Amino acid sequence: MKVQESVFIQKKKPLLVKLLDRLLECYPYVSILAMDSKTRDFMVSKRNMRVGENVRGTSRGFVARVSDGKYYTEYSFNQVSEEILDKICNRIKELVESSNCVLPEGLKQQEYQVPLEETMTFTGSTEYELDPEEMGDDAILAHLNNIKEKGLAVSDQILDCQVACSYQKYTKLFLSKEKTMEQSVMWMSGALFFSAARGEEIKDYYMPYSTLGGAEMLAKMELDVRTCAEVTLELLKSAPMIPGEYDCVCTPDVTGMIVHEAFGHGVEMDMFVKKRALAEEYIGEYVASKLVTMHDGASAASEVATYFFDDEGTMAHDTIVIEEGILKQGISDLQSALVLQTQPTGNGRRESFRRKAYTRMTNTFFEGGSDTVEEMIASIDYGFLLENPRSGMEDPKNWGIQCMVNIAREIRDGKLTGKVFSPIVLTGYVPDLLKSISMMSKEVVLCGSGMCGKGYKEWVKVSDGGPYIKAKIRLG
């Protein structure tokens, strides 16, 4: 089934078209973005059960963007009616007229060309099997509670099994002189969180889930309960990592974290405009092994960061960022592309109608290779299989990377020994790490259970992943 369009936006559309026409009488470029988004969170644990609206992900509102030929001005609002159209137009006019004097003395505004647009009319919706909204809060909570009880029943050593999920359903309408575009999308994500104890020692483990769809994801979560519990108990026997550089095999989720942190934020081209990313200086050069081809794009995969067009009316792309080791291009929003005189890649995204559009990642991943996981493990004299990424950070200016991984399984003489190390800190210089990749599996997996911020804010949904990879990595 396809996600249905927002009734709210359909009711407001004629007024927004009228507002657009009135503003086009005054300005060479005008666009209006309407957003109607509903996000709901669910969680059950041994002692708690809760459900509620996600404030950050739930909103209804509009953004008008106008250009006077040099500068762009934006105005966000959440009310529109025939009676207040004059008020909205006058407020936008005031903002445009005052734009030349908002900066402190000595600073100069960036001038932008008016974008050239192709005439386009588009309507699209993603598909789902089971609508969580129709399923209802009580049924979802009951399902999560059943998963929780199964997890707790695995062992007396399990302290808690927390089961969480979220879904978002949104419609976006983009209007300009040449474009009328509408999309309706739904995604769902979730996670199992286990904690276990042996004496005073406590270890934890989680497994993430996501789908461009609906509550059909819950069935998959239920299938993995015992496996998650058993891995959590296995961690109670883990040893601390001995720091050093090792040959490692990374599972697709660890590969995804490396992709996201290593060449995700670093190729967001608004960072090029601000001279905050070293990648700008290496376009056309080898920055990774020849085995590495990296994609980013809302149309590059079917996951939670998939959409049909971005928040600036650019159709979704599949951008090849790295091709056979060579850094080909970055990803960009419309305004960064205007400054850099490049083509926008459909990565202009807003946290909500109240927020500015920034260049943001979408579905970011490495292509697969031709090796098997068994061949990778067999090729290692001594090293580790890395699983279960936790968090990461990067320095786009200097290409440093630091990530937390929960599990490292020891490999000796080409075989897993059964010994487990935890926790793990993965560090390195990005080109060195990526150039050391020597094997890649055929299988490619993406997941988007979390959110990504621009620095510490501006949260949007992303997914990342790739194949199993073999690389030389510094661990601590």
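**View 1. Two lysines sit over tyrosine rings.** Lys-172 is placed over the face of Tyr-170, 5.0 Å from the ring centre. Likewise, Lys-356 lies over the face of Tyr-358, at 4.6 Å from the ring centre. Here "over" asks for NZ of Lys or CZ of Arg within 6 Å of the ring centre and within 35 degrees of the ring normal. Please keep in mind that this is a predicted model: local features need pLDDT of at least 70, side-chain atom pairs count only at pLDDT 80 or more, and totals for chains, interfaces and linings use all residues. Residues are numbered from 1 along each chain as its sequence is written, and side-chain values use heavy atoms, with hydrogens and water left out.

**View 2. A stacked aromatic pair.** The whole structure holds 16 aromatic pairs (rings of Phe, Tyr and Trp, the last by its six-membered ring, with centres within 6.5 Å; planes under 30 degrees apart are stacked, over 60 edge-to-face, the rest tilted). Phe-193 and Tyr-206 count as stacked because their ring centres are 6.1 Å apart and their planes meet at 20°. Phe-193 belongs to strand S7 (residues 179-198) and Tyr-206 to strand S8 (residues 201-211), so the pair ties together parts 13 residues apart in sequence. Strands are DSSP runs of E with at least two residues, and helices runs of H or I with at least four, numbered from the N terminus. Tyr-206 is buried, at 17% relative accessible area, while Phe-193 is partly exposed, at 35% (buried is under 20%, exposed over 50%, partly exposed in between, with a 1.4 Å probe and protein chains only).

**View 3. An aromatic cluster.** Phe-8, Phe-62, Tyr-75 and Phe-77 together form one aromatic cluster.
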